[in-house]
Every structure is written in structure tokens, then in C-alpha cells.
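Here is a short report on one structure.

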Amino acid sequence: MEITLIVPCYNEEVMLPLFWEQTQPVTATCTNVHFTWLFVNDGSTDASLAWLKTLAQQNPDVQIVSLSRNFGKEAAITAGLAAVAQTAQAAIVMDADLQDPPSLIPEFLQKFQEGYEVVYGVRSSRQADSWLKRTTAQLFYKGYNALADRPLPAHAGDCRLLSRRVLEALLTLPERERFMKGLFNWVGFKSAAIPFVRQKRVAGTTKWNYWKLWNFALQGITAGSTVLLRLWAYIGMCISLGAVLFAGWVAFKKIVWGNPVSGYTSLMVAVLFCSGVQLISLGIIGEYLSRIFMEVKQRPLYLIDEKINC
């Protein structure tokens, strides 16, 4: 079997040697399988590319696709999928930070040989993450699954095996605002989950701060559902109905008891509340509109600077 490990990396000069050292013994235990490693350099500014070039000179099974700048992880994964779709029987997407352990590789291959075309890792424990990150991740999956047309498997990351049929199906999806977890799930095919304990990053620093994670969550929700657009139509109708009922109650009090109309405080509360609702709804419309703007420009998802051993 021809299996390719797709490894997107951005400024991972510390982790790449460790990743290489730890994946070698694992792949050596898999009989009748020929592994290649495809490292997608996502515009690294450290010595990651130099180290990869040295490794590729020593090992012809190491391939490199180097992008012209940092396009983001979703684009880097897509570049890797496109590079191996015609040569590999299956590809395994795996980060270089070793938080998804290489020991998953034999388990992925076992499920693949049983006939599964998508095999993904599910984090059964996230104790390596902070309390805030665990909580926000749980809220994201619950919120996404409540809104999306196709719910995501809870706590499933990008680490997964994809058969060639799945690779070809993914490459037919043309959108540029890509949320790969959602796309992996959207194409379907026979799937299996492998639970694992998420490890701590042993070296280096994560490239995902909370602002990036927040924007990533927005991208995922807007890419996977249009429920938010419809939701604000219903909220607007409810507020309008409440306003009509409140106006009728004020008029009734004035006619029956002669009470004066509520004063400045109640007026300001009503105005500020309705203004806030309008701004929130405009913000949600703006999120979708910005993604439409990016799609209609038809720019390439990524640009390749060079390929090595490909």
C-alpha cells in the first residue's frame, strides 16, 4: 500500500526533528506498507524549510510542498491533499506538534483495511489543554452541531486517514473559505472513530491564540449553516410582536386609568435594546457577506513556491 503522511507545518523547527524521530519507529512496524512524508511548509519564517530540505536530500520518501507565504492551516492541508491525490491509496493528515500521537497510524491502517474510507481520531481526554480551552472547545462543538446541517463528531480534529476516493471528492469542492473539519464530514463515506488521549506539546509554542480560535469558530459556523441568518428573522418578528403588545398595553393604561406614558428610562431601554439587536443582526449578515466577497474574487486558495521530491 502507498500511504502518505501529510504534515502541515508553520514555524516548527523545534518539533519537526522530534516528529520525524517518533514517526519512524511506528511506520516501520506496518508491514506491506510504503510510507511517504509530505511536509507542507506554510510560509515558515524560521529554519523549518532548511531542515526539511536537508531531510529530503537524505531521504527520497520525504516530499516538500512550500507555499509562497502563510496561507493558513486549511489551505496547507488542501495543498497536501492535492499533491497526493493521484499517487497515494490513502493519506493521513497529522500535525507536527505530536499532540496527535503517531501511535494512531497502525490503528488507522487497520480500520482502512477493514473497508473504512475515513478514519478519524477523537480526543477522549483533553487534560493537556487548559480549562478555558476545554470549555470553549466543548461550547463550539455543541453550538456548531445545534446549527449545522451535518453535525461534527465531538472533539474530532484534523488528524485522520482519507482514502483516495475521499481525497478526490474533497478536491471537487471549490470554496475558498474552507473549514476542513466540516468538509471532511460533508463528503460522507464509510467512517470510523479511534479514541485517543491528547498529549501536551513537548516543545515549541502553539500558533493558535484565542483570537484566532474565535475567528476559526466563526468561519466554521458560517461555512456549515445559514441558520443564523434565518434566526434573526424570527427574533425580529418576536421583538416586533412584543413592541405591538407593549404599545397596546400603554394605550390601554392611558385610556382606562389615565396613566402617563412611560418616561425617559423606559424609552432609552427600548431604543438601546432594539439598536443592539439590529447591530448584532447586521454583524452576522456582514460575516456571510465577507465570505461571499472572498468567494466571488476567485483567487487561488494558495500559491506554491517550490516542490521537492514530488
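## Cysteines

Cys 159 has a relative accessibility of 4%. Buried means under 20%, so Cys 159 counts as buried. Cys 9 sits at 2% relative accessibility, and therefore counts as buried by the cut-off of under 20%. These values come from a predicted model.

How many disulfides does the structure hold? The number is zero. A disulfide would be a covalent bond between the sulfur atoms of two cysteines.

## Nonpolar cores

The largest nonpolar core has 36 residues. Which of its members touch the most others? They are Phe 35 and Phe 39.

## Helix packing

Two packed helices are described by the angle and the distance between their axes. Helix H3 spans residues 73-84, and helix H6 spans residues 164-171. Their axes come within 10 Å. The crossing angle is roughly 125°. H3 is therefore oblique to H6. The crossing of the two helices is left-handed.

Which residues make this contact? H3 supplies Thr 78, Leu 81, Ala 82 and Val 84. H6 supplies Leu 167, Leu 170 and Leu 171.

Notes: Residues are numbered from 1 along each chain as its sequence is written. This is a predicted model: local features need pLDDT of at least 70, side-chain atom pairs count only at pLDDT 80 or more; totals for chains, interfaces and linings use all residues. Side-chain values use heavy atoms; hydrogens and water are left out. A nonpolar core is a set of buried Ala, Val, Leu, Ile, Met, Phe, Trp, Tyr and Cys residues joined through side-chain atoms within 4.5 Å. Buried means under 20% relative accessible area, exposed over 50%, partly exposed in between (1.4 Å probe, protein chains only). A disulfide is a pair of cysteine sulfur atoms within 2.5 Å. Axes are lines fitted to C-alpha atoms, for helices over the stretch in contact, and angles run from 0 to 180 degrees between N-to-C directions. Helices (H or I, at least four residues) and strands (E, at least two) are DSSP runs, numbered from the N terminus. Angles under 35 degrees count as roughly parallel, over 145 as roughly antiparallel, 65 to 115 as roughly perpendicular and the rest as oblique. A crossing is left-handed if the near helix is turned anticlockwise from the far one by less than a right angle, and right-handed if clockwise. Contact means heavy atoms within 4.5 Å.
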